[in-house]
Amino acid sequence: MQLGMVGLGRMGGNIVRRVMRYHHTSVVFDRNPDAVNTLVAEGATGASSIADLVAKMPKPRTVWVMLPAGEITDATIIDLSNVMDSGDIIIDGGNSFWKDDIRHGAMLKAKGISFVDVGTSGGVWGLERGYAMMIGGDKAIIDYLDPIFSCMAPGAGSVPKTPHREGRDARPENGYIHAGPCGAGHFVKMIHNGIEYGLMQAFAEGFDILKNANSPELPEAHRFELNVPDIAESWRRGSVVSSWLLDLAAAGLAEDNNLDSYSGFVQDSGEGRWTIEAAIAEAVPADVLSAALYARFRSRQTHTFAEKILSAMRKGFGGHVEPKNPATKN
């Protein structure tokens, strides 16, 4: 198959590389011509504009938009809809708000263009590890696109099979799922990221307690000088809390025991806020996820070792570099 890609940042460029590994072709566009030229040198076809990208693709076309959520994604989808034809497909693979997907789907359906929303997890590691995907859209379109999704996905790998899944859809066992109609993909990814906040905060607070086990506030006999990097490393193997997030925390601690290169300023990218909004709308208690979000707000005023752990994990999975100056934003 052929995939058009608009947006060649950390994830967009690597998605193109991954699908080309599996012998699919790609036409690419980015406002930065250097990003286009880099992918062209690796085998993609470059385009000078959105209209040029569409013109270089045979019908029916599939174009993936991988841009920051909000105005730029909205404008790009509108621009694509003005030059694409009935029967074409637009995919939004960024971290868009799920209600925007419903609006985009309705707008494009009126033009005969199919819309698919893909919550994409994998960050800067997706090229090698694959991308976990939560997909929203019509079943017939999702099935048609399966050659793209299946090669992007991580695959079953060495993860043991879950008991009692016989007869169920095999796609989730390979790391991707058709979650439901338009909007469902990004809704599920939003909750995924909300949970991520809570897991990260639990690790951050736990490591902060370990780090301060030798506090002068404690009686001398109750103080421990603990090797936090070694504790993190030991937990990676066989522990009930082993996870990729723990792997990233352990890597950050191994590189710098005190995480002195991190400011402790922790951004939030939006999905955590949307998760809490969804919980409120559904009247579902979300104590841990709410607290994790508020901890990020607090980090922009005061910083602890816990916030440095959060920053180390964010840099590990997404390449996020927190600002040194608390007054600045990512």
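Visitor: Leaving aside neighbours within four places in sequence, which residues is Gly130 in contact with?
Guide: This is a predicted model: local features need pLDDT of at least 70, side-chain atom pairs count only at pLDDT 80 or more, and totals for chains, interfaces and linings use all residues. Residues are numbered from 1 along each chain as its sequence is written, and side-chain values use heavy atoms, with hydrogens and water left out. Contact means heavy atoms within 4.5 Å. With those neighbours set aside, the contacts of Gly130 are Arg18, Ser121, Gly122, Trp125, Met152, Ala153 and Pro154.

Visitor: Is Gly130 buried or exposed?
Guide: Buried means under 20% relative accessible area, exposed over 50%, and partly exposed in between (1.4 Å probe, protein chains only). Gly130 has a relative accessible area of 6%, so it counts as buried.

Visitor: Which loop holds Gly130?
Guide: Helices (H or I, at least four residues) and strands (E, at least two) are DSSP runs, numbered from the N terminus. Gly130 sits in the loop between helix 6 (126-129) and strand 7 (132-136).

Visitor: How many Å apart in space are Gly130 and Met107?
Guide: In sequence, the two are 23 residues apart. In space, C-alpha to C-alpha, Gly130 and Met107 are apart by 31 Å.

Visitor: What separates the C-alpha atoms of Lys99 and Gly183?
Guide: Lys99 belongs to helix 5 (residues 98-109). Lys99 is partly exposed, at 47% relative accessible area. Along the chain, Gly183 is 84 residues from Lys99. Their C-alpha atoms are separated by 6.3 Å.

Visitor: Which residues does a cis peptide bond join?
Guide: Most peptide bonds are trans. Here is a cis one, with omega about -10 degrees. The bond joins Lys59 and Pro60.

Visitor: What is the phi of His164?
Guide: Most residues other than glycine have a negative phi. His164 lies in the loop between helix 8 (146-152) and strand 8 (176-180), and is exposed at 69% relative accessible area. His164 is not a glycine, yet its phi is positive, at about 70 degrees.

Visitor: Is Leu259 buried or exposed?
Guide: Leu259 is in the loop between helix 11 (244-255) and helix 12 (271-282). Phi of Leu259 is positive too, near 55 degrees. Its relative accessibility is 0%, so Leu259 counts as buried.

Visitor: Where do the buried residues of helix 2 fall, seen down its axis?
Guide: In helix 2 (residues 33-41), Ala35, Val36 and Leu39 are buried. Seen down the axis, they fall within an arc of 100 degrees (from the directions from the helix axis to the C-beta atoms), so they line one face of the helix.

Visitor: Which exposed residues does the face turned away carry?
Guide: The cover over the buried residues of helix 2 includes helix 1 (10-21), strand 2 (25-29) and strand 3 (45-46). The face turned away from that buried side carries Pro33, Asp34 and Ala41.

Visitor: What percentage of the residues count as buried?
Guide: The C-alpha atoms fill a box of roughly 75 × 50 × 40 Å, taken along the principal axes. Of the 330 residues, the buried share is 49%.
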